[in-house]
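These are my notebook entries on a structure that I went through chain by chain. They record what I looked up and what I found.

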Amino acid sequence: MPEELLRKAFEIHGQDFENAGERSAEVTTILKDLDVDPNIILRVGIVAFEAEMNVVMYAGRATLTLVVTDHEIVVEVADEGPGIPDIELAMQPGYSTASDEMRDMGFGYGLGLPNIKKNSDVFSLQSEVGKGTRVLSMIRLISYG
Amino acid sequence: MDKLTHGFRIDREKCQGCLSCMRVCPTHAIRVKDAKAQYRPDSCIDCGVCLRACPRDAICATTTPVEDLSRFKFKVAVPSPVLFGQFPTGITPAQVVDGLLAFGFDEVWDYSVEINLVARAIQQYVDQWTGPTPLISTQCPVVVRLVQVSYPAMVDQLIPVQLAREIAGREAKRRFSARLGLHEDQIGVIYITPCQAKTISILQPAEGVVSNLDGALGFPEVYNAVLACRSLKKSDAIKSSRPPVIRNSGLLRMHVSEGMGRLVQQHRYLRVTGLSNIIQVFNDIEKGKLRNVGFLDAYNCWNGCAGGNLTVANMYVTGSTLRSLASTLPEMDPVTEAEVERRFPNEDFSLKAPIRPRPVRGAAASLKERVQMRQLAEDALASLPGLDCGLCGAPTCRELARDVSVGDASKNDCVFLSKSRLQDLRRVYLRNTA
């Protein structure tokens, strides 16, 4: 059983484009402080950033939780948002419900969720329409023999 | 030479412990203990901010002593193109070359060919790259070290192509040893540098290998020799009879305003100068705010290498001189083009070793211990005043907290937490007035 070493929660606010990316930057700062392998930091950074952007674009409020154990890094983002009606469709690269404004800012090209999955060793997505979405990504620190 | 991880030395006689250097250091690499500044070499990126900040000239940069050149049988100068923009109007590149020869060099190397070779290698690398962006230019050694120290996750985005001056060093040694029947060790290839960071990148390359160059001299060391030489020849009113040292404008344009822009313009190129601006850009990249940059060309000095700390002339004047010089030259010339075509397929331009992140303090411990240390630092920080006064000898409360967590300092170094600390400081700093 992996031992939990650190747990930290961050609030993310929807539509706050100005501060978008700040929470995931805090996550990478912590991991840098802990001298985690740069490639792992890169992957966690992408996961946290994409998840944060999803909240900023589509949801009202969310909590991003970073958990570091001696075996893995877990990023969980649980939001109070509209939920995703068709998860399979949402996971398809290129599928997006973003507005033109979001695309003008360089986001909303339907690559967020696939990118999170691609960078995770374990990925799960639960969503209920009208309630919210929970994205969980786990990245292993060490490979098991 | 013993292990040199950074390029500065502090003269303990001159240093009064005034905290100026510590306060401005962008990577928090300086501490002040017993009224003397000292470096944490692992964090120093050779940017030179401390050098300028010191009011007592107590900090000096590592350089190659001129006497060192006498150990070579044959000496080749590889001048940074910025050198040609340092002199008053009327002094041509050919005259600058004459001055370098009079200074004691046997040959002056024109590295237009190498610049073009390296440019082509970079272009190929960038075109084939499918990894994370931006790719980061390695032209400025300070930027390379900044990535190693502060943005370790981006080290693989540094372009692993050797610098043109390194290729020039290799080729000069090869060519002159063959021509003169000398061993390559007997040929000294010296870079004439606009900044101390490049000197250090030659003495100790970031990738941990041995440079092809044998050292570097700053512009001030050759400046007078060039001017003196010219004035001697003035009576002859001759134009130097030497072949042109700069055959095309590419070399100059790259060092003035374009950077690598022309090479990689289709790759969403961004040029940034000035360390504080660079740090801001890197932070924005980390935060995902700059997602659409393909190629980052960053230079520690404002305005690029013309603003280097070993230059003599005003950087804007230098830029103007180089621009007008470039306007008289063709973009490419047949001699250079033929050489590039001949050499490109036969030479390897990739970096001899990968650039790795610099190990950080406390990295030897296990992850669990590192988490504990971090918690210790957070707890220590919570008890500090948050004024960043620097009297503890660390630049910020956060840095002191970090030092405490790894056992390098005590919370009692803070004047707010220890009564005797102020007494101690008074004794050290007011010793002459007591």
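Entry 1, domains of chain B. I began with the spacing of two domains: the C-alpha centres of domain 2 of chain B and domain 3 of chain B lie 42 Å apart. I took the bounds from the domain assignment, which gives domain 1 (1-61), domain 2 (66-346) and domain 3 (365-434) for chain B; such bounds come from an automatic or database assignment. I note that this is a predicted model, in which local features need pLDDT of at least 70, side-chain atom pairs count only at pLDDT 80 or more, and totals for chains, interfaces and linings use all residues. Residues are numbered from 1 along each chain as its sequence is written, while chains are lettered from A and ligands numbered from 1 in the order in which they are written.

A residue is buried if 20 or more other C-beta atoms lie within 10 Å of its own, exposed if 12 or fewer, and partly exposed in between, with C-beta atoms placed from the backbone. Helices (H or I, at least four residues) and strands (E, at least two) are DSSP runs, numbered from the N terminus. The buried residues include Cys397(B), Leu400(B), Arg402(B) and Val404(B). Part of their cover is H13 of chain B. After H14(B) comes Gly407(B), with a positive phi near 85 degrees.

Leaving aside neighbours within four places in sequence, I listed its contacts as Ala394(B), Asp408(B) and Ala409(B); a contact means C-beta atoms, placed from the backbone, within 7 Å. Met373(B) is 30 residues from Asp403(B) in sequence, and their C-alpha atoms are 10.0 Å apart.

Most residues other than glycine have a negative phi, and most peptide bonds are trans. I recorded Asp388(B), whose phi is positive, near 50 degrees, in the loop between H13 and H14 of chain B. With 16 other C-beta atoms within 10 Å, Asp388(B) is partly exposed. In chain A, Asp35(A) has a positive phi near 55 degrees and lies in the loop between helix H1 (22-33) and helix H2 (38-58). Asp35(A) is buried, with 21 other C-beta atoms within 10 Å. I also found a cis peptide bond between Thr133(B) and Pro134(B), with omega about 0 degrees. Pro134(B) lies in the loop between helix H4 (112-128) and strand E7 (135-136) of chain B.

Entry 5, chain A. I counted 5 helices and 5 strands in chain A, in the order β-α-α-β-β-α-α-α-β-β from the N terminus. Its radius of gyration, taken over C-alpha atoms, is 15 Å, close to the 15 Å that the globule rule gives for 145 residues, so chain A is as compact as a globular protein of that length. The rule is 2.2 Å times the number of residues to the power 0.38. Of the 145 residues of chain A, 38% count as buried.

Technical notes:
Contact = placed C-beta atoms within 7 Å.
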